[in-house]
Amino acid sequence: MDKQGFTTGIVHCDRNAGVEHGGLRQPIHTSVQYGFERVEDLIGVFQGTKKGGYNYARQGTPTTAALERKLTMLEEGAGSICFSTGMAAITAVFLTLLRAGDHLVASRYVFGNTNSLFGTLRALGVEVTRVDAGARENVADAIRPNTRMVFVETIANPGTQIPDLLRIGELCHERGLAYVVDNTITSPALFKPKQVDASLAINSLTKTIAGHGAALGGAVTDTGLFDWSQYPNIADDYRRAGPREQGLLQIRKKGLRDMGAALSSEQAHQVALGAETLALRVAKCSENALALAQYLERHEAIGHVFYPGLESHPQHGIAKSLFKSGSWLLSFELRDPANMLDVINAFKLPVKATGLGDTRTLIIPVAPTIFFEAGAQTRKEMGISDGMIRLSAGIEEIEDLIADFEQALRLA
Ligand SMILES: *Cc1c(COP(=O)(O)O)cnc(C)c1O
């Protein structure tokens with residue numbers, strides 16, 4: 001059959017792989033152990049010679065495997081591994097592929113907890129250089145002989161900065177560096193890191209892909225483009241796999257099996273249910289976010305609006321050429337931040353809550369909450385003002401959202 005559409009692929013994925021009794025979805029497999037008639041099969045699962053077998057749920061179940069298959073399809077990758085959270089996926093990538101004495105070049109504009117994780121890496125002897133990845137030159141200038149990896153996010157939260165994704169991909173390819181792209185804010189519905197030669201794509205399943213705020217999860221997808229046989233930090237045991245498979249194999253064994261942040265079948269099921277409407281939700285959220293961004297940009301009480309779909313956004317050109325739409329992430333600043341808390345309290349629809357990519361619109365003042373621990377200096381480096389407000393646009397009717405903004409902003 002010809003290559004099918006994105007949503008057609010998601011909603012028929014389980015059925016096409018075969019589900020007992022003609023079920024349309026992969027069931028929730030709750031078993032931790034998997035038994036065999038013949039001990040040779042048990043041995044085969046341990047040694048990796050029996051494909052598609054399971055032995056212990058920390059390394060995966062048929063339910064998590066079905067979600068992995070779906071994610072691999074969505075990212076057009078070679079394979080995926082699910083974790084209990086997005087942070088677990090990111091941690092597993094760093095801790096299994098970097099060693100003391102290695103160097104990581106990372107975007108300066110990253111998720112706060114990822115930024116905090118860089119401190120843990122430094123304490124373990126991994127050097128981390130944070131750069132403004134908006135220009136390829138900044139990444140190129142930071143590369144040293146011991147650089148192993150470059151890490152960026154597609155659209156940075158909360159400032160919406162976009163790296164020079166394509167040209168950094170070319171640079172990593174030329175220099176033989178692993179290129180890791182956190183695709184959480186865009187999701188494969190808007191952008192596939194494989195398009196820019198990424199080695200690994202990371203998604204927090206909690207956000208855009210599940211979309212309902214009822215489950216945590218994370219995933220790493222290998223795009224199949226990187227030759228891991230040339231990468232220094234692969235253990236001998238995993239060199240026996242093909243050159244394109246060694247990276248993911250090491251992440252599964254060292255990162256999932258040994259570190260243990262496994263996704264449960266129940267949560268995998270919740271994520272998979274949400275994922276069925278991924279493309280529809282993201283299209284609607286993006287439409288709402290753009291309409292709100294345009295409304296805010298015209299509003300006299302608003303100082304600045306950060307949204308890639310606006311022509312005023314510094315990387316609007318990159319967003320237009322690489323992303324299907326601008327996503328649900330939008331930040332803005334009041335012209336006079338003195339009344340910021342009163343304005344936020346006046347909102348009736350946007351929920352005063354952290355979290356992103358939900359069906360409901362969520363609103364949060366950035367500096368006193370998610371970037372409080374980071375401190376004033378880090379906030380300054382990351383372009384976060386004291387008056388920045390982050391919005392995760394939901395799927396509500398836009399008229400309702402605009403009406404609510406209209407009344408709340410009267411207090412500004
Ligand atoms: C939320 C988020 C994460 C972490 O995901 P969790 O599932 O909450 O652990 C990682 N990266 C980005 C860009 C995020 O927004």
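K207 counts as buried because its relative accessibility is 14%, where buried means under 20% relative accessible area, exposed over 50% and partly exposed in between (1.4 Å probe, protein chains only). This is a predicted model, in which local features need pLDDT of at least 70, side-chain atom pairs count only at pLDDT 80 or more, and totals for chains, interfaces and linings use all residues. Residues are numbered from 1 along each chain as its sequence is written, and side-chain values use heavy atoms, with hydrogens and water left out.

**Residue K207**

- An unreviewed UniProt entry lists K207 under "modified residue: N6-(pyridoxal phosphate)lysine"; such annotations may be inferred rather than shown by experiment.
- K207 lies in helix α9 (residues 205–209); helices (H or I, at least four residues) and strands (E, at least two) are DSSP runs, numbered from the N terminus.
- Apart from neighbours within four places in sequence, K207 is in contact (heavy atoms within 4.5 Å) with F111, T184, L356 and G357.

**The sheet**

- An open sheet of 7 strands has the order β1-β7-β6-β5-β4-β2-β3, with mixed pairing; two strands pair if DSSP finds at least two bridges between them.
- β1 (79–83) and β3 (127–131) are at the edges with a single partner strand each, so one side of each has no neighbour in the sheet.
- Strands β2 (residues 103–107) and β4 (residues 147–153) run parallel and are joined by 4 bridges; H103 has T147 in β4 as its bridge partner.

**Helices across the sheet**

- Helix α7 (residues 165–175) lies across β4 and β5 (178–182), at about 155° to β5; axes are lines fitted to C-alpha atoms, for helices over the stretch in contact, and angles run from 0 to 180 degrees between N-to-C directions.
- Helix α11 (residues 246–258) lies across β1, β6 (200–204) and β7 (218–222), at about 15° to β1.
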